[in-house]
Amino acid sequence: MTQAAGDLLLVLNCGSSSIKFALFDAAVSPLPRHPAWSGKIEGITGPSPRYEAAGEPDAMLALDSSDPYTGALMHIRERLQARLGDRRLAAVAHRVVHGGSKYFAPVRVDAAVLADLRSYIPLAPLHQPFALEAIEALLGLHPDLPQVACFDTAFHHTVPKVEQMLPLPRALWDEGLRRYGFHGLSYAYMATVLAERYGAGARGRTICAHLGSGASLCAMHDLRSVATTMGFSALDGLMMGTRCGALDPGALLYLMQIRGLGVEQVGHMLYHESGLLGVSGVSPDPRELLPREDEPPVREALALYVRRIVREIGALAAVLGGLDMLVFTAGIGEHNAVIRERVCDALGWLGVALDTRANAAHAAVVSGPESRVRVVVEPTNEEWIAARATLELMAG
């Protein structure tokens, strides 16, 4: 399918309480890195949903409490219709967190694909159901409008089998119980932009740190994923805003057998009450925690957060056989100089030496000239990756 002059492409990134959207001009080649229009609705399930979009005043929304998510989607649709004019929406691209062991590339969604993707909801309960709800709603409204699922798991299809396997009975591997990895759209953008910016310097032993409310690391060689910290689910690996990260399974048995917690209670704790929020008792956001480090629980939460990042970087450096480049991306990685400094200070044994002035200024390169590892800060752009992949699929 070729693009007619004036076509636009919408990207939706749907979470449990928010929808981010970006509209790209598909008639321009190459596809612009920045959207023609973008925004988000946050707090969808709360008392005060908020709409923000470029070029428009922020607004509080009144959503039907019985189905606020559909109401939020309809608000975005109305605002989109007001912007389209005589231009055509060519397709909608969706960030879908989990493609399971079947989907390794973007795919146009029909009823059969949608049914497949529903089976992966237990693997990503914070994200998968909401992306699928958006797809289903738009299929009902516009059945002929192409919708494309772009998977966060796909980038990690290149990791060796030994990194995918879990030390569990073989029959469970055959059922699909394995390490998948996530944040793939972010890492796919890193692979693109690092090659453009640093050339061969990015093709060696690289670790990308996607540090946001969700967080993971990806070890790359020749800009392909060879290992990552998230595994079977988006709970694994690093400590996050409200998620626990890697956890001794014996602790889960204790919670269920000794404390008597049910599966739903444990799941809620691991996804929503743990991480920085759980340990600090204050907030999931380092920006709110750093000014309160005189409080022991806050200080300990931040120390544990940094320690877990450092430990996992060390583990991935061992897998890579060394480290040539360390990349910080996503909300915390891009904007929190204090967290970057603490992580890098603990990696001096790897040859990391930070330029504190460049780091404080959020420069593109924050390592000093004596550093054996180049340390860089690179904004991610998951929406552009999804838009580009959708155009390539439709053109192919």
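Q: Where does His-156 lie, and which residues does His-156 touch?

A: First, some ground rules. This is a predicted model, where local features need pLDDT of at least 70, side-chain atom pairs count only at pLDDT 80 or more, and totals for chains, interfaces and linings use all residues. Residues are numbered from 1 along each chain as its sequence is written, and side-chain values use heavy atoms, with hydrogens and water left out.

Now the residue. His-156 sits in a loop, between strand S8 (147-151) and helix H4 (161-164). Helices (H or I, at least four residues) and strands (E, at least two) are DSSP runs, numbered from the N terminus. His-156 counts as buried because its relative accessibility is 3%. Buried means under 20% relative accessible area, exposed means over 50%, and partly exposed is in between (1.4 Å probe, protein chains only).

What does His-156 touch? Leaving out residues up to four places away in sequence, the list is Tyr-180, Gly-181, Phe-182, Gly-184, Tyr-187, Cys-218, Ser-225 and Thr-228. A contact here means heavy atoms within 4.5 Å. Leu-347 is another matter: 191 residues along the chain from His-156, with 25 Å between the two C-alpha atoms.

Follow one of those contacts, Tyr-187.

Two loops come next. His-183 is in the loop between helix H5 (170-174) and helix H6 (184-198). His-183 is buried, with a relative accessible area of 7%. Its phi is positive, about 60°, although His-183 is not a glycine. Asp-222 also has a positive phi, about 55°, and is not a glycine. Asp-222 is in the loop between strand S10 (215-221) and strand S11 (224-228). With a relative accessible area of 37%, Asp-222 is partly exposed. Most residues other than glycine have a negative phi, and most peptide bonds are trans.

A cis peptide bond joins Ser-29 and Pro-30, with omega about 0°. Pro-30 lies in the loop between strand S2 (19-25) and strand S3 (37-42).

Now turn to helix H15 (residues 382-395), where Ala-387 is found. Ala-387 is buried, with a relative accessible area of 0%. Setting aside residues up to four places away in sequence, Ala-387 touches Leu-9, Val-11, Phe-24 and Leu-31.

Finally, step back to the whole protein. There are 15 helices and 13 strands. Of the 396 residues, 52% count as buried. Among contacts between residues at least 6 apart in sequence, 63% join residues at least 24 apart. The C-alpha atoms fill a box of roughly 60 × 55 × 45 Å, taken along the principal axes.
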